[in-house]
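Please examine the sequence and the three-dimensional model shown below. The account that follows is meant to be read alongside them.

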Amino acid sequence: MEMWIIWLAIVAICIIVELATTALVSCWGVAGALVALILSLIGAPEWSQILSAICVTLICLVGFRRFALKVFKNDNYMSNSNSLIGTKTRLLTAITEDNNGSVKINDVVWTVKSVDGMPIPEGLFVKIDEVSGNKLLVKKTEEE
């Protein structure tokens with residue numbers, strides 16, 4: 001098999017992986033594989049293609065990743081669970097010292113814990129203060 005086909009496949013795989021993860025890691029492999037692809041098309045030896053691909057990938061990764069993360073960072077982005085912060089809802093089950101409670105928001109039942117560790121009886125209204133993993137941290141609030 002000719003090397004240019006392998007390099008083209010590596011470019012495609014790196015693009016697919018980057019689109020799936022958006023971690024800004026495999027996109028640098030695209031740069032390295034493209035350089036190697038060009039070298040392959042002009043007839044460079046295989047060892048120079050491989051060495052060039054590795055060097056370009058590492059240079060891009062080390063040199064540009066931190067910059068790219070800053071440029072593409074979006075502090076205003078809120079995940080689905082983080083968008084629940086500030087929401088007021090009624091406790092379905094009580095929060096006790098030994099057990100977490102639960103609330104239902106948009107037909108989804110969430111596990112909740114008290115922010116201050118204090119028990120909150122079933123039926124009272126709580127306000128979501130923060131998200132910790134898959135649990136919502138809440139505090140008691142007055143009904144509105």
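The paragraphs below proceed from the overall form of the chain to individual residues.

This is a predicted model, in which local features need pLDDT of at least 70 and side-chain atom pairs count only at pLDDT 80 or more, while totals for chains, interfaces and linings use all residues. Residues are numbered from 1 along each chain as its sequence is written, and side-chain values use heavy atoms, with hydrogens and water left out. The predictor's confidence in each residue is expressed as pLDDT, on a scale from 0 to 100. For the chain, the mean pLDDT is 86, and 92% of the residues reach 70 or more.

The secondary structure consists of three helices and five strands. Read from the N terminus, their order is α-α-α-β-β-β-β-β. Among the elements, mean pLDDT is highest in helix α2 (residues 27–41), at 93, and lowest in helix α3 (residues 46–72), at 88.

How does the radius of gyration of the chain stand against that of a compact globule of 144 residues? The chain has 26 Å, whereas such a globule would have a value near 15 Å. The radius is taken over C-alpha atoms, and the globule rule is 2.2 Å times the number of residues to the power 0.38. Along the principal axes, the C-alpha atoms fill a box of roughly 75 × 30 × 25 Å. L51 belongs to helix α3 and is partly exposed, with a relative accessible area of 46%. Here buried means under 20% relative accessible area, exposed means over 50%, and partly exposed lies in between (1.4 Å probe, protein chains only). Buried residues account for 30% of the 144 residues in the chain.

The surface includes a nonpolar patch formed by M1, W4, I5, I6, L8, I10 and L41, with about 680 Å² of accessible area together. Patches are made of residues with over 30% relative accessible area and no salt bridge; like charges are joined within 9 Å, and nonpolar side chains (Val, Leu, Ile, Met, Phe, Trp, Tyr) within 5 Å. The areas come from the Shrake-Rupley method with a 1.4 Å probe, and for residues only the protein chains shown count as cover. Helix α1 (residues 3–21) contributes the most to this patch, with five residues. I10 lies in helix α1 and is partly exposed, at a relative accessible area of 31%.

The cysteines come next. A disulfide is a covalent bond between the sulfur atoms of two cysteines. With the criterion of a pair of cysteine sulfur atoms within 2.5 Å, the count is zero disulfides. The sulfur of C14 has its closest cysteine sulfur in C27, at 9.0 Å, which is too far for a bond. C55 is likewise in no disulfide, the nearest cysteine sulfur, that of C60, being 11 Å away. C14 is buried, with a relative accessible area of 14%, whereas C55 is partly exposed, at 37%.

Which residues form the one salt bridge found in the whole structure? K139 pairs with D129, and their closest N and O atoms are 3.5 Å apart. The criterion is a side-chain nitrogen of Lys or Arg within 4 Å of a carboxyl oxygen of Asp or Glu. The pair links distant parts of the chain, with K139 in strand β5 (residues 135–140) and D129 in strand β4 (residues 125–132), 10 residues apart. Both residues are partly exposed, K139 at 41% relative accessibility and D129 at 29%.

The loops between strands complete the picture. Most residues other than glycine have a negative phi. In the loop between β2 (101–105) and β3 (108–114), N106 has a positive phi near 50°. D107, located in the loop between β2 and β3, has a positive phi of about 65° although it is not a glycine. N106 is exposed at 68% relative accessibility, and D107 is exposed at 69%. N99 lies in the loop between β1 (88–93) and β2 and is partly exposed, at 48%. The C-alpha atoms of N99 and T87, 12 residues apart along the chain, are separated by 22 Å.

Definitions and conventions: Helix = DSSP H or I, 4+ residues; strand = E, 2+ residues; numbered from the N terminus.
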